[in-house]
Amino acid sequence: MITYQLIHSLSEAQPNAHLIAPSTSQPLPDSTLINEMRATGNIADACFGCAPFKRITLIPPALWQDNLTDGLLKALRPLFATPASARVIIDIRDIHEAVLLQVLRFLFNQVYRLNDLQLKTADNATVRLSHIDALCLPGQQEALEIIFRQQQAIANGMVAARRLADIPSDCCTPQFVADQAQALCAAFPTLRCEVLNEQQIVEQGLGLLHAVGKGAACPPRLVAIHYDGAADGPVRCYVGKGITFDTGGLWLKEGAGMYTMKYDMCGAANVLGLLLSAAELNLPVRMMGVLALAENAIGPNAMQPGNVARACNGMTVEINNTDAEGRLVLADAIAWTSQRHPQARYIIDMATLTGAVVKALGYELSGLMTQDESLRDNLTRAGKKCGDEVWSLPLDARLQKQTESAIADLCNTPTNNAAISASAAWLLHHFCPATIPWAHLDVSGTALWREGGKSVASGRPIPLLMQHLFNELAVEK
Ligand code: BES
Ligand code: MN
Ligand code: ZN
């Protein structure tokens, strides 16, 4: 747990801390070192002669306003790889709001490191951040207290999700995720976890989820997490793709890039993290999170190209490509969710669904596909405010040919390789009744963060969806 304090003068800060401030920050000690550091016009970092601080980093003011190129975060990341002190003092008197929210989440995310999985014998134990002193103006204090509390709860949800996603898939199976979800939810009386085993999945007609999961030694699961922060009112529903490993199935992926496919359950992990964050803040809403968990493996029972499976809403899908498995498990989970809550306020699904969304939007933006304009506006606005942004891709009946099948109601992949991300969304839209607003987030580019050439889980889009909730609650007040 990282503690924090809002301070109005550097004299209130604890000694031996790492001071991080804009190069123009006033007042700072009037030393030659600091004056030289101010004059560089660049990021200036000093570890010697800094008393009463342990380390001083001065960062050009432009980066504190830079909400597009992550300038401030880029400067902070290397500093926190091996921190000089467990305490940081950061001057946030003049910072863009989206940058502030990102920086706070970054700092509160420092409670977790890959080393915590204890898979590396030589654990080079570095100093870990334990306290933040934030220098602010008295007039900012009230708003900042809320912001700090919110961003810490968001970071805690992100950490739970990131940790689960980082665990290798031989350990992190569908049942393991279900167990972890139950254990994490047990900490909150407002959260309740329901787990469907393989038999219940078959009995409840989730034939698409079962088709994907039946080829693996570890069988599929469906987890529904219920959050009751309010006695009544419409339920906000979230559905996550939880492929604990995606080999591609019989349509086997190439070996080289396959190792990141343990992260194909980030959607599900982030749904869990989202509900944990909401519960920590006691948000006065009802939510349901659904985790569609399966391993897409090869084996004698694996689904085969050309198989047809039936979803729990009765629709049939021709599986022409076994590597387009995410839309299958999501389709069933979305339909199941809509049956459980026909009056849902909305259903938002999140998934590492297509590599093509990375080609279209890159690694900074999540792809948003929806036909509900108010959901589109609200999610887009929430993203801009918190720095976890989305960008829309088209979704309408012009995609219809992309899901036509001669033998079944739908086919899971078009043969023409066109509009791959949107075609997947078009398939999904058949599984949510038109009466429930629905949005699809393709997070293939954003759910992972590239660190030192390797991919690790990022926790996105938890910040986006929490901000979306905050905005909705502010309007209702
Ligand atoms: N999990 C992948 C998508 C993915 C690929 C996410 C790379 C992150 C990085 C998904 O199940 C998949 O294999 N999608 C196919 C879809 C295609 C068969 C239509 C893809 O993107 O190639
Ligand atoms: Mn796949
Ligand atoms: Zn996948």
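Donors here are N, O and S atoms within 2.8 Å of the metal (3.2 Å for Na, K and Ca), and water is not among the atoms, so sites may look incomplete. Keep that in mind as you select the manganese ion (ligand 2) and the zinc ion (ligand 3): they sit 3.1 Å apart, with Asp 246 coordinating both.

Before going on, note that this is a predicted model, in which local features need pLDDT of at least 70 and side-chain atom pairs count only at pLDDT 80 or more, while totals for chains, interfaces and linings use all residues. Residues are numbered from 1 along each chain as its sequence is written, chains are lettered from A and ligands numbered from 1 in the order in which they are written, and side-chain values use heavy atoms, with hydrogens and water left out.

**Stop 1: the whole chain**

The C-alpha atoms fill a box of roughly 80 × 50 × 40 Å along the principal axes. Of the 477 residues, 59% are buried, where buried means under 20% relative accessible area, exposed over 50%, and partly exposed in between (1.4 Å probe, protein chains only).

**Stop 2: the manganese ion**

Now select ligand 2. Its protein donors are Asp 246 (OD), Asp 323 (O), Asp 323 (OD) and Glu 325 (OE), at 2.1 to 2.2 Å from the manganese ion. Six donor atoms subtend angles of 71 to 168 degrees around this ion, which makes the arrangement irregular. The rule behind that word: four donors count as tetrahedral if all angles lie between 85 and 135 degrees; four count as square planar and six as octahedral if opposite donors are over 155 degrees apart and all others between 65 and 115; anything else is irregular. Along the chain, the donors of the manganese ion (ligand 2) follow the spacing D-x76-D-x1-E. Asp 246 lies in strand E9 and Glu 325 in the loop between E12 and H10, so the pair ties together parts that are 79 residues apart in sequence.

**Stop 3: the zinc ion**

Move across to ligand 3. Which residues are the protein donors of the zinc ion? Pick Lys 241 (NZ), Asp 246 (OD), Asp 264 (OD) and Glu 325 (OE), lying 2.0 to 2.4 Å from the zinc ion. Here the six donor atoms subtend angles of 79 to 173 degrees, so the arrangement is octahedral. Asp 264 belongs to the loop between strand E9 (235–246) and helix H9 (266–280), and Glu 325 to the loop between strand E12 (316–319) and helix H10 (326–340), so this pair ties together parts that are 61 residues apart in sequence.

Colour by accessibility, and three of these side chains are worth a click. Asp 264 counts as buried at 3% relative accessibility, Asp 246 at 2% and Glu 325 at 0%.

**Stop 4: ligand 1**

Show the surroundings of ligand 1. There are 16 residues around ligand 1, the closest being Lys 253, Asp 264, Asp 323, Glu 325 and Gly 355; a residue is near if one of its heavy atoms lies within 4 Å.

**Stop 5: helix H13**

Finish at residues 420–429. Is helix H13 largely enclosed or exposed? Nine of its ten residues are buried, so H13 is largely enclosed by the rest of the structure. Trp 426 and His 429 are among the buried residues of H13.

Terms used. Helix = DSSP H or I, 4+ residues; strand = E, 2+ residues; numbered from the N terminus.
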